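Please walk through this model with an eye on its charged side chains.

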Amino acid sequence: MTDAEQGQSPENPFPVRSVSMKIKDWIERLGTVWVEGQVAQLSTRPNSSTAYITLRDPSVDMSLAITCPRELVLNAPVKLTEGTRVVMLGRPNFFVGRGSFSLRVNQIRAVGVGELLARIERLRQLLHAEGLFDPRLKRPIPFLPKTIGLITSRGSHAEHDVISVATGRWPAVRFAVRNTAVQGPSTVPQVVEALRGLDADPDVDVIVIARGGGSVEDLLPFYDETLCREIAKCTTPVVSAIGHEPDNPLCDLVADLRAATPTDAAKRIVPDAAAEQAYITDLCRRGGRALRNWVHREQHALDQLRSRPVLAQPLAAVTARADDVDRLRTTARRDVTRLVATETDRIGHLSARLSTLGPAATLARGYAVVQTMPDAQVLRTTADAASGVRLRVRVADGAITAISEGPEGAENEAH
């Protein structure tokens, strides 16, 4: 059975010592390496020559076990405390007896302020180039948030200032407080977790990250790239109230609103009830005054219209023409009467003439009208009344019929 086949089946497993030695060989091939992080825990026992350090990545929740000589810690260029940012040179080491991994360090260097500021500036330029500082991406702060998400340390002045000032300005406001570390290696993971939780809460209208002022080293978590990107991803508006007026961490530039202090943050996101009431009262007064002025203007315009003669005395124009109408009516009546009288006289004259010239007057004087029958032709000559022709003789009081015996001269000639 060869070594290559050992450990490939349950029938031929490696013993623990073999696996531990193989892991140790592979790990130690890495050689020495420089690593940077924040001191999360430090243990230097008086009766031990070895110091134990937990070095934490400030951006994520990951740490690394460090071992080094106790004298190296005591003689370090900077006092090592929780939150100290350092650079260490060490070799990976796997302890086969306990099956644990650590980095055996032989050099410790402090990260200077100048180097920190240079890194912060490079990160600032990177985030600016990506557009995370673009004012057009800033989300508007609601006028009256129902619930404010507050991320700050427990019992801090920042928490007291935000809550007391906000409730004093608008007593009905509510808070969803998430207490986290605001300094040290655990700050970024805790703040990121709180941000995600509050951003997912539909009742939270705005999120405030609050902390008092401090040195650049104290505020390093708020320059962290992971935290800045998490703020930029939030759908809920985020207000950054980190430090005091001179402080300007990168999260201030990414947040939707930067407040100079926690108190300023409370004032800028919560309206003052008394001021709003006074503003409403002033608006009501101004609105009432404007309405009254408008009514007065319209009343004045109506008064002007009503004062015009055509509206003040609408019948005056008709009354002024009444005499003309009466005169014209009299004239018209006189003219009509005269015309009727004239025409009556003319008709009388015509009637008299007609009576005089008509056949009735002639018949009344003893004349008669003779017509041949049955064609009712007026007899004009004796030749039309031959013997035996029936005649109709019309006199004044009626008509009689007769039979012609022919012309009177013709009868004599016959005898």
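Glu130, Glu225 and Arg229 are joined in a network of salt bridges. A salt bridge here is a side-chain nitrogen of Lys or Arg within 4 Å of a carboxyl oxygen of Asp or Glu. The structure holds 16 salt bridges. This is a predicted model, in which local features need pLDDT of at least 70, side-chain atom pairs count only at pLDDT 80 or more, and totals for chains, interfaces and linings use all residues. Residues are numbered from 1 along each chain as its sequence is written, and side-chain values use heavy atoms, leaving out hydrogens and water.

Take arginine 139 next. Its salt bridge partner is aspartate 256, with the closest N and O atoms 2.9 Å apart. Arginine 139 sits in the loop between helix H3 (113-129) and strand S6 (147-152), and aspartate 256 in the loop between helix H7 (250-254) and strand S10 (257-258), so the pair ties together parts 117 residues apart in sequence. Both arginine 139 and aspartate 256 are buried. Buried means under 20% relative accessible area, exposed over 50%, and partly exposed in between (1.4 Å probe, protein chains only).

Aspartate 252 and arginine 258 also form a salt bridge, at 3.0 Å from N to O. Aspartate 252 is buried, at 3% relative accessible area. Arginine 258 is partly exposed, at 23%.

Now the helix pair. Contact means heavy atoms within 4.5 Å. Ala158, Asp161, Val162, Val165, Ala166 and Arg169 in H4 meet Pro262, Thr263, Ala266 and Lys267 in H8. Helices (H or I, at least four residues) and strands (E, at least two) are DSSP runs, numbered from the N terminus.
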